[in-house]
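Visitor: I would like to learn how to read a structure like this one feature by feature, with the general idea set out before the particular case. Could we go through it together?

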Amino acid sequence: MGMTNIAIIGCGFVADLYMRSFASFPNQRISSVFDTNGARLDQFCTYWSLEATRSQEALLAGLPKGSLVLNLTNPKSHSAVNRAILDAGHHAYSEKPLALNMQDALALHGLADDSGLHLASAPCSVLGEAAQTLAKAAREQTAGDIRLIYAELDDGYIPQAPYKDWTSESGAPWPFADEFHVGCTLEHAGYYLSWLIAMFGPVQKVIAASAETIPNKPSADGTADFSVATLFFEQGGPPVRLTCSITAPHDHRIRMIGDKGVLSVKKAWSNSAPVRFHKRMILRRRLLEHPIGRRISLGKTTHPKVKRWGAAEMNFALGPMEMVEAIETGRPPRLAGDFALHLNEVTLAIQNAGRSRGVQGMQTHCDRMEPMPWAM
Ligand SMILES: NC(=O)c1ccc[n+]([C@@H]2O[C@H](COP(=O)([O-])OP(=O)(O)OC[C@H]3O[C@@H](n4cnc5c(N)ncnc54)[C@H](O)[C@@H]3O)[C@@H](O)[C@H]2O)c1
């Protein structure tokens with residue numbers, strides 16, 4: 001591995017998390033980078049000892065065909081930048097969401113297909129140890145048949161957090177205006193949706209509601225900052241309740257409730273988060289689940305880990321590196337194609353549910369995801 005060139009468009013907050021993550025794959029170099037903000041591009045390149053490319057066209061034209069370009073721009077630019085990458089004959093790995101509407105997402109998916117290129121979408125935590133361990137425990141029926149899943153992505157009352165002081169490693173400010181404008185569901189639902197779709201296959205129906213709970217956030221313009229969704233899978237998996245908010249106290253648990261007990265992970269944003277099995281039992285005439293739980297581990301070497309920065313303890317390079325391996329061995333990448341498109345559709349259905357548009361059947365499909373080889 002490591003023959004494929006990787007380039008980056010968009011060198012803001014998250015680009016630093018990618019660079020720190022790529023440092024854990026020393027054989028993979030970043031060949032070129034570009035950002036429309038020249039000052040930020042210079043700051044990024046100085047910090048990471050990279051050479052700046054001064055236009056998107058120059059970056060795309062300077063790469064050998066079939067390179068991998070990471071689109072780490074703000075969501076409103078995703079669609080156009082993804083298209084430019086594919087039009088130039090390169091594979092695209094897009095930060096989430098792939099596109100802000102399904103018309104654009106479908107067109108990009110079609111373009112990639114017609115061009116024999118791959119279009120993948122973050123997040124890639126589904127390829128990490130916590131998600132793969134949880135999926136294996138579910139496959140092996142550690143908790144028996146899974147009957148119901150509760151997944152929470154509540155971030156705390158973010159508008160009162162000192163977010164103007166949050167900066168990335170090389171000094172990019174956390175883009176609070178963009179985050180409030182785009183909304184926490186589009187920004188975050190994918191973290192657990194990707195795990196669930198990988199495990200149980202495509203979602204058939206979403207019953208959801210979303211609302212703005214805290215008015216007057218910078219640039220939010222009424223964007224929903226809270227959503228709750230019930231998901232039903234096409235292949236008959238358990239129903240899921242998924243919540244997202246920047247209002248309710250921080251809670252990133254996923255709990256898979258089975259006949260024998262509960263599988264749980266407390267942190268969505270840590271590849272090393274423990275997966276636990278809380279056995280159900282009867283103690284003196286009370287029914288309860290073991291409060292601490294038995295830690296489940298794969299007992300194998302999995303993937304390189306990165307240290308925590310801010311709220312994230314995730315290796316952001318897992319997705320691009322899995323994609324490089326797929327390109328070089330001629331198989332489809334796990335996060336590309338139908339998977340990326342379906343993830344986008346389910347996320348948009350929840351974000352845009354509002355107070356009355358709530359029930360939506362899905363039009364896109366994808367397969368369940370093959371586990372990573374070390375989690376078989
Ligand atoms: N901030 C986080 O913690 C975080 C974590 C995971 C994922 N993400 C995702 O990463 C993406 C970027 O977020 P961010 O926090 O880095 O935002 P950011 O605003 O800090 O960085 C985005 C960068 O892209 C540049 N840009 C915008 N449009 C461009 C274009 N057309 N061409 C070239 N450069 C362009 C901007 O100048 C900016 O420097 C978003 O999709 C977000 O959902 C962010």
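Guide: What follows is a conversation about sheets, a ligand site, a helix and a single residue. Please keep in mind throughout that this is a predicted model.

Visitor: Let me begin with the open sheet: in what order do its 5 strands lie, and with what pairing?

Guide: In general, the strands of a sheet pair through backbone hydrogen bonds, and the pairing may be parallel or antiparallel. Here the 5 strands of the open sheet follow the order 2-1-3-4-5, and the pairing is parallel. Strand 2 (30-34) and strand 5 (119-121) are at the edges with a single partner strand each, so one side of each has no neighbour in the sheet. From one strand to the next, the twist averages 20°.

Visitor: Over how many bridges do strand 1 and strand 2 pair?

Guide: Strand 1 (residues 6-9) pairs with strand 2 in the parallel sense over 4 bridges, and within this pairing Ala-7 has Ser-32 of strand 2 as its bridge partner.

Visitor: Turning to strand 8, which residues form its covered face and which its uncovered one?

Guide: The general idea is that side chains in a regular strand alternate between the two faces of the sheet. In strand 8 (residues 226-233), Ser-227, Ala-229, Leu-231 and Phe-233 make up the covered face, whereas Phe-226, Val-228, Thr-230 and Phe-232 make up the uncovered one. Strand 8 runs antiparallel to strand 7 (residues 203-211), to which 8 bridges join it, and Lys-205 stands opposite Phe-232 there. Strand 8 is also joined by 6 bridges to strand 9 (residues 240-245), again in the antiparallel sense, with Thr-230 opposite Arg-241. The hairpin of strand 8 and strand 9 has 6 residues between the strands, and Gly-236 takes a positive phi near 80° in it.

Visitor: For the ligand, which residues come nearest, and which helix gives the largest share of the shell?

Guide: Helix 1 (13-22), helix 4 and helix 8 (184-200) each supply at least two residues of the shell, and helix 4 gives the largest share, 4 residues. As for atom pairs, a backbone N or O atom of Phe-13 lies 2.9 Å from a ligand oxygen atom, an N or O atom in the side chain of Asp-35 is 2.6 Å from an oxygen atom of the ligand, and a polar side-chain atom of Ser-77 lies 3.0 Å from a ligand nitrogen atom. The protein covers 86% of the 820 Å² of accessible area that the ligand has on its own.

Visitor: Why is helix 6 described as largely enclosed?

Guide: Helix 6 (residues 129-139) has 10 of its 11 residues buried, so the rest of the structure largely encloses it. The cover over these buried residues includes helix 8, strand 10 (254-258), strand 11 (261-265), strand 12 (275-283) and strand 14 (294-296). After helix 6 comes Gln-141, whose phi is positive, near 60°.

Visitor: Finally, is Thr-73 buried or exposed?

Guide: Thr-73 has a relative accessible area of 17%, and because the cut-off for buried is under 20%, Thr-73 counts as buried. Thr-73 sits in the loop between strand 3 (68-71) and helix 4 (75-87), where its side chain makes a polar contact of 2.7 Å with the side chain of Asn-71. Leaving aside residues up to four places away in sequence, Thr-73 touches Ile-9, Gly-10, His-78 and Val-81.

How values were computed. Residues are numbered from 1 along each chain as its sequence is written. This is a predicted model: local features need pLDDT of at least 70, side-chain atom pairs count only at pLDDT 80 or more; totals for chains, interfaces and linings use all residues. Side-chain values use heavy atoms; hydrogens and water are left out. Buried means under 20% relative accessible area, exposed over 50%, partly exposed in between (1.4 Å probe, protein chains only). A polar contact is a pair of N or O atoms within 3.5 Å; within protein, one must be able to donate a hydrogen and the other to accept it, and residues adjacent in sequence count only if both atoms are side-chain atoms. Contact means heavy atoms within 4.5 Å. Two strands pair if DSSP finds at least two bridges between them. Axes are lines fitted to C-alpha atoms, for helices over the stretch in contact, and angles run from 0 to 180 degrees between N-to-C directions. Accessible areas come from the Shrake-Rupley method with a 1.4 Å probe; for residues, only the protein chains shown count as cover.
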